[in-house]
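Student: I have a model open and would like to go through it. Can we take it piece by piece?

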Amino acid sequence: MLKRRWAAASSSTSLKATSPAVADTVSYRKARNRLPGLAVPKSTTPTTKPPLTFPGQLAQSTVRGQATQKQATAYIHGKKPYDVEKVRRDFPILNRLINGKPLTYLDSAATSQKPREVIDELTRFYSEYNANVHRGVYKISEEATAAYEEARAKIARLINANSPNEIIFVRGTTEAINLVAKSWGTANVGIGDGIILTEMEHHSNIVPWQLIAKERGAHLKYVGLTDDGHLVHDDFHQHLESGGIKLVTMTHVSNVLGMINPVREYIREAHSKGCRVLVDAAQSVPHMPVDVQDLDCDFLAFSGHKMCGPTGIGVLYAKKSILEEMPPYHGGGEMIREVHLYESTWKDPPYKFEAGTTNIAGAIGLGKAVEYVSGLGLRNIQAHEQELTEYAHDRLGKIKGLRIYGPENPRTKAGVISFNLGDVHAHDMATLLDEDGIAVRSGHHCAQPLMDRLGVSSTTRASVYVYNTEDEIDRLVESVERAGRVFKV
Amino acid sequence: MSSIYSEIILDYYRYPRNKGSLPHAQIHARDSNPLCGDVVEMQLEIDEKNTVKDVKFNGQGCAISQASASMLTELVKGRTVDDVRKISKEDVLSLIGGQLTAVRLKCALLSLKVLKTGVYNYIGSTDATKEELSSL
């Protein structure tokens, strides 16, 4: 019954191929091979394996980045101009004044703001069709179930999963990774096995692996970084060759440096050695087109609240064949087929992994958020953020004593800018910016190993999203300059 | 607007008083603020009259945490251990002046927490003191 509903949902999409949203999708797929971190469509993939070199990633992606920029701009002007002022009107919080000044929200890498339609959908759910899903036979339960499953289908379409059954609702990226570590890790990682990570991971993609490695007697191997934040491919290659590697787990986009990692190439190489790959996409799915079939990742994790959705809802994508083999994560109601006194059987994925009453409102809100960002167009969002990032690099880079961490070329990165000014501590910087109504993050950004690698205790991080403007970057720059004057840098 | 970053705070941050270490200190405590990574270490030499003969702090972190630590050392020098024990949050905040947000309060009070941990270890801790420390 539910399967039929999904089938209906996806076939109705293909019928609507002329709708603007779908046309957008088609256009971005055509152009996607020019995007850094993304790849050529399957049909053009050479059947013979090209040599897996990672030649000066910076230089290569610079060229690709420029192509992206031109392509994106042409696309915007030719098709659908990105009207940031219109976008801003969708976000009620942007009307707030902080210390008498307009809120300048530059902390979307931590959590994004929410558009009116997502907020309204949550209210509508609770005031019109709040009910538990799947087992109720009454009207509003049917409505809630349909909305919940439609959200799953929307997410599947967003990341181009093969089926909505590959989408598991979790609390967020952290829980998604813990689910894989506990369920897949316990079943597949044994004594002496290895797990490859990178030095730029968020704590949420380090600690679950430390726990499972300790429990299973496995070991962790790290891919190091160059001074400007690129992965050292030789490390990766060596670790893979050392044998016994069961899993590679890495972030798509660094939450500190904004670095876009060439995950697709790493995945291909890992697969050639029979390893599974998890991609932490918390900082990529909200900001750029991500296609799980094209990447060919085995697992992909992301959070709803960083992409205009509510907090407490996120997604684990995994290939169907892998999900079927994985043991349950939590036991309880909803995830069972039959329960007897001493043993039980499980439902098929994704329900096997969704024990108890899930965050129904969150999932429905996330469905709305996916609709919202898809409506803006992920390529448009990426191009908009790219322009802002270049502008911010340009302006901040001119401030005496200011250091930006990560790639020097803003075209090779996403809209995350980490910096320090002289000896001004990041927390002091953030407090001074807050006096001007500017919200940025300061600290270690849940990436202490990366901070150690950079040789700093903390950085100030400004991150942009769909609603940010060049005026706001100007405000940031003025305020950073003021901080420099206060601290006499 | 009135910034927390007064000339005085910045002066203590740039030119900290009583920074360093005391090899013969009877009281020695250290703590960090996991949120910011601020670290403060306090060392106190106590004489036979139970007064603070000398005091030094060491550490790294934001201007608020380091300036407040330095100011606190000036406040305790020459006082009795019992007086040091009675120093309150408000005493420290009035030294700093200005308005602090809840998160930044942790920076401002880290040095007091370290100082009190050291003092209570020296005079013998009770459950009530643990509660007081955890409220800082």
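Tutor: Start with chain B. This is a predicted model. Chain B holds 6 helices and 3 strands.

Student: Why does chain B count as compact as a globular protein of its length?
Tutor: Take the globule rule for 136 residues, which gives 14 Å. The radius of gyration of chain B is close to that, so chain B is as compact as a globular protein of that length. The radius of gyration itself is 14 Å.

Student: What share of the contacts in chain B, between residues at least 6 apart in sequence, join residues at least 24 apart?
Tutor: A contact here needs C-beta atoms within 7 Å. Count the pairs at least 6 apart in sequence, then ask how many join residues at least 24 apart. The share is 65%.

Student: Which strands are the edge strands of the sheet in chain B?
Tutor: The sheet is open, with 3 strands in antiparallel pairing and the order E1-E2-E3. An edge strand pairs on one side only. In chain B those are E1 (27-33) and E3 (52-60).

Student: Which residue stands opposite B:Ala29 in E2(B)?
Tutor: E1(B) and E2(B), residues 38-46, pair in the antiparallel sense over 7 bridges. B:Ala29 stands opposite B:Met42.

Student: Which helix packs on this sheet at about 175° to E3(B)?
Tutor: H5(B), residues 102-123, lies across E1, E2 and E3 of chain B, but runs at about 150° to E1(B). The helix at about 175° to E3(B) covers residues 63-76 and touches E1, E2 and E3 of chain B. That is H2(B).

Student: Now chain A. Why do E13(A) and E16(A) each have one side without a neighbour in the sheet?
Tutor: The order is E13-E14-E17-E16 in an open sheet of 4 strands, with antiparallel pairing. E13 (402-405) and E16 (441-443) of chain A stand at the edges, so one side of each is left without a neighbour. The reason is that each has a single partner strand.

Student: Which residue is the bridge partner of A:Ile404 in E14(A)?
Tutor: E13(A) pairs with E14(A), residues 416-421, in the antiparallel sense over 4 bridges. In E14(A), the partner of A:Ile404 is A:Phe419.

Student: Which helix packs on the sheet at about 160° to E16(A)?
Tutor: H14(A), residues 378-396, touches E13, E14 and E17 of chain A, and makes about 10° with E14(A). The other helix, residues 426-435, touches E14, E16 and E17 of chain A, at about 160° to E16(A). That is H15(A).

Student: Which residue of E17(A) is the bridge partner of A:Arg441?
Tutor: E16(A) and E17(A) run antiparallel and are joined by 3 bridges. The partner of A:Arg441 is A:Arg461.

Student: How many nonpolar residues does chain B have on the side that touches chain A?
Tutor: First the contact: 14 residues of chain B meet 13 residues of chain A. By class, the chain B side has 4 polar residues, 1 charged, and the nonpolar ones, which number 9.

Technical notes: Residues are numbered from 1 along each chain as its sequence is written. Chains are lettered from A and ligands numbered from 1 in the order in which they are written. This is a predicted model: local features need pLDDT of at least 70, side-chain atom pairs count only at pLDDT 80 or more; totals for chains, interfaces and linings use all residues. Two residues are in contact if their C-beta atoms, placed from the backbone, lie within 7 Å. Ala, Val, Leu, Ile, Met, Phe, Trp, Tyr, Cys and Pro count as nonpolar, Asp, Glu, Lys and Arg as charged, and the others, Gly among them, as polar. Two strands pair if DSSP finds at least two bridges between them. Helices (H or I, at least four residues) and strands (E, at least two) are DSSP runs, numbered from the N terminus. Axes are lines fitted to C-alpha atoms, for helices over the stretch in contact, and angles run from 0 to 180 degrees between N-to-C directions. The radius of gyration is taken over C-alpha atoms; the globule rule is 2.2 Å times the number of residues to the power 0.38.
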